[in-house]
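I begin with the pocket and then turn to the chain as a whole.

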Amino acid sequence: FSELPTVMSGDVPRFYETFDRLLSGAGPEPLEVQWIHKDGSAHWGEIGIAPLEVQRTTTGFQAVVRDITERKKPEEELQMLAAVVRHTSELVNLSTLDGRMVFLNEAGGQMLGIEPDKAGDHFILEVIPDDIIEMVKEGLLPTLMERGTWSGELRYRNLKTGGVTDVDAITFTIKDPQTGKPVL
């Protein structure tokens with residue numbers, strides 16, 4: 001380092017835990033930490049710490065630090081995107097190709113009367129009102145599978161209250177990057 005970084009204070013207890021584990025005989029595990037340089041830039045590092053032993057007695061520790069800032073950027077972006085999806089006021093739902101829900105955000109849970117952590121117990125067609133179920137089965141779903149996307153006016157039924165909400169919906173498939181075939 002050209003300048004000594006300041007490690008985030010939340011990481012200090014993790015250093016002590018790592019040293020305690022190593023002294024008790026556990027093997028080395030990489031430790032991810034964030035530090036702030038004097039210029040204010042934040043960096044991520046993966047630190048490998050191992051005991052230095054002389055005649056089977058730990059006399060110190062050696063550490064190897066690898067800058068993983070570039071690897072962490074996509075992870076941080078995904079976390080921010082996940083927060084937006086979870087907390088948007090719009091319904092966001094992921095369903096398998098057979099219609100089983102695998103994710104439902106909070107707003108969607110309120111609109112559909114389904115607890116988000118119970119989304120996997122439901123199929124998307126359960127929340128489609130009876131008077132438009134044929135349009136969904138014969139229009140929306142075939143178009144979605146053929147083109148990979150469908151948008152238009154739709155209605156959802158709340159399973160708890162029975163109330164119906166009109167929405168402008170955008171549905172799309174998520175494709176396997178290798179095969180190009182829809183997976184969700």
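1. Sorted by class, the lining of the largest pocket comprises 24 nonpolar residues, seven polar ones and three charged ones. Please keep in mind throughout that this is a predicted model, and that the totals for linings and chains use all residues, whatever their pLDDT.

2. The lining of this largest pocket amounts to 34 residues, and the volume of the pocket is about 1000 Å³. Nearest to the pocket centre lie Asn93 and Leu94, together with Ile170, Thr171 and Phe172.

3. Which elements each supply at least two residues of the lining? They are strand 5 (93-95), helix 4 (133-147), strand 7 (149-157) and strand 8 (164-172), and it is strand 8 that gives the largest share, with six residues.

4. As for the fold, the protein chain contains four helices and eight strands, which follow one another along the sequence in the pattern β-α-β-β-β-α-β-β-α-α-β-β.

5. The overall dimensions deserve a comment, since the radius of gyration of the protein chain is 25 Å, whereas a compact globule of 184 residues would have one near 16 Å. Along the principal axes, the C-alpha trace spans about 80 × 35 × 30 Å.

6. Of the 184 residues in the protein chain, 28% are buried, and the chain exposes about 12400 Å², of which carbon and sulfur atoms supply 54%. Among contacts with a separation of 6 or more, 36% are accounted for by residues 24 or more positions apart.

Methods:
Residues are numbered from 1 along each chain as its sequence is written. This is a predicted model: local features need pLDDT of at least 70, side-chain atom pairs count only at pLDDT 80 or more; totals for chains, interfaces and linings use all residues. Side-chain values use heavy atoms; hydrogens and water are left out. On a 1 Å grid over the protein atoms alone, a cavity is a set of points where a 1.4 Å probe fits but cannot get out, and a pocket is an open set with protein on both sides within 12 Å along at least five of seven lines; lining residues have an atom within 4 Å of a point. Grid points are joined across faces, edges and corners, and a volume is the space filled by probe spheres set on the points. Ala, Val, Leu, Ile, Met, Phe, Trp, Tyr, Cys and Pro count as nonpolar, Asp, Glu, Lys and Arg as charged, and the others, Gly among them, as polar. The radius of gyration is taken over C-alpha atoms; the globule rule is 2.2 Å times the number of residues to the power 0.38. Buried means under 20% relative accessible area, exposed over 50%, partly exposed in between (1.4 Å probe, protein chains only). Contact means heavy atoms within 4.5 Å. Accessible areas come from the Shrake-Rupley method with a 1.4 Å probe; for residues, only the protein chains shown count as cover.
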